[in-house]
Amino acid sequence: MMSNGWKSQEQIKADYGYSDTVYNRRMNECLASPYRDAIVSDTSKFSTVIEPEFQKFLIWRSKKKWDQALGRRRYRKER
């Protein structure tokens, strides 16, 4: 990990146990979320992930899934 909390694709996959398919799904979900800033793309084939922001995305994603599963709506302002 870089000292600023950024990680490469390989580091994220290793740390979170993601396959290529799961990694790509999470990145697509993240890009379509309020946490799209967690992904820094400098070319079309290379992305760096800002891990603290990515973790916020994962927490947001988890809350969203639970709310959908339990039929709840969130009335608080999202990010």
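**Close-up views of a predicted protein chain**

**View 1. The largest nonpolar core.** The largest nonpolar core of this predicted model has 12 residues, namely I12, Y18, Y23, M27, C30, Y35, A38, I39, V49, F54, F57 and W60; such a core is a set of buried Ala, Val, Leu, Ile, Met, Phe, Trp, Tyr and Cys residues joined through side-chain atoms within 4.5 Å. Helices α2 and α3 each supply at least two residues of this core. Buried here means under 20% relative accessible area, exposed means over 50%, and partly exposed lies in between, with a 1.4 Å probe and protein chains only. In soluble globular proteins, nonpolar side chains tend to be buried together.

The model is predicted, with residues numbered from 1 along each chain as its sequence is written, and side-chain values use heavy atoms, with hydrogens and water left out. Local features need pLDDT of at least 70 and side-chain atom pairs count only at pLDDT 80 or more, whereas totals for chains, interfaces and linings use all residues.

**View 2. The chain as a whole.** Read along the sequence, the protein chain follows the pattern β-α-α-β-β-α, with 3 helices and 3 strands; these are DSSP runs numbered from the N terminus, helices being H or I of at least four residues and strands E of at least two. Of the 79 residues in the protein chain, 32% are buried.

**View 3. The packing of α2 with α3.** Helix α2 (residues 20–31) and helix α3 (residues 51–70) pack at an angle of about 85°, with their axes 11 Å apart; the axes are lines fitted to C-alpha atoms over the stretch in contact, and angles run from 0 to 180 degrees between N-to-C directions. The two helices, α2 and α3, are therefore roughly perpendicular to each other, a label for angles of 65 to 115 degrees, while those under 35 count as roughly parallel, over 145 as roughly antiparallel and the rest as oblique. The contact, meaning heavy atoms within 4.5 Å, is made by R26, M27, E29 and C30 of α2 and by F54, F57, L58 and R61 of α3.

View 4. K7 lies in strand β1 (residues 6–8) and, at 8% relative accessibility, counts as buried. K7 and I50 are 43 residues apart in sequence but 6.4 Å apart in space, C-alpha to C-alpha. Leaving aside neighbours within four places in sequence, I12 is in contact with K7, G17, Y18, Y23, V49 and F54. K13, placed in helix α1 (residues 9–16), also counts as buried, at 18% relative accessibility, and K13 touches Y18, S19, D20 and Y23, not counting residues up to four places away in sequence.
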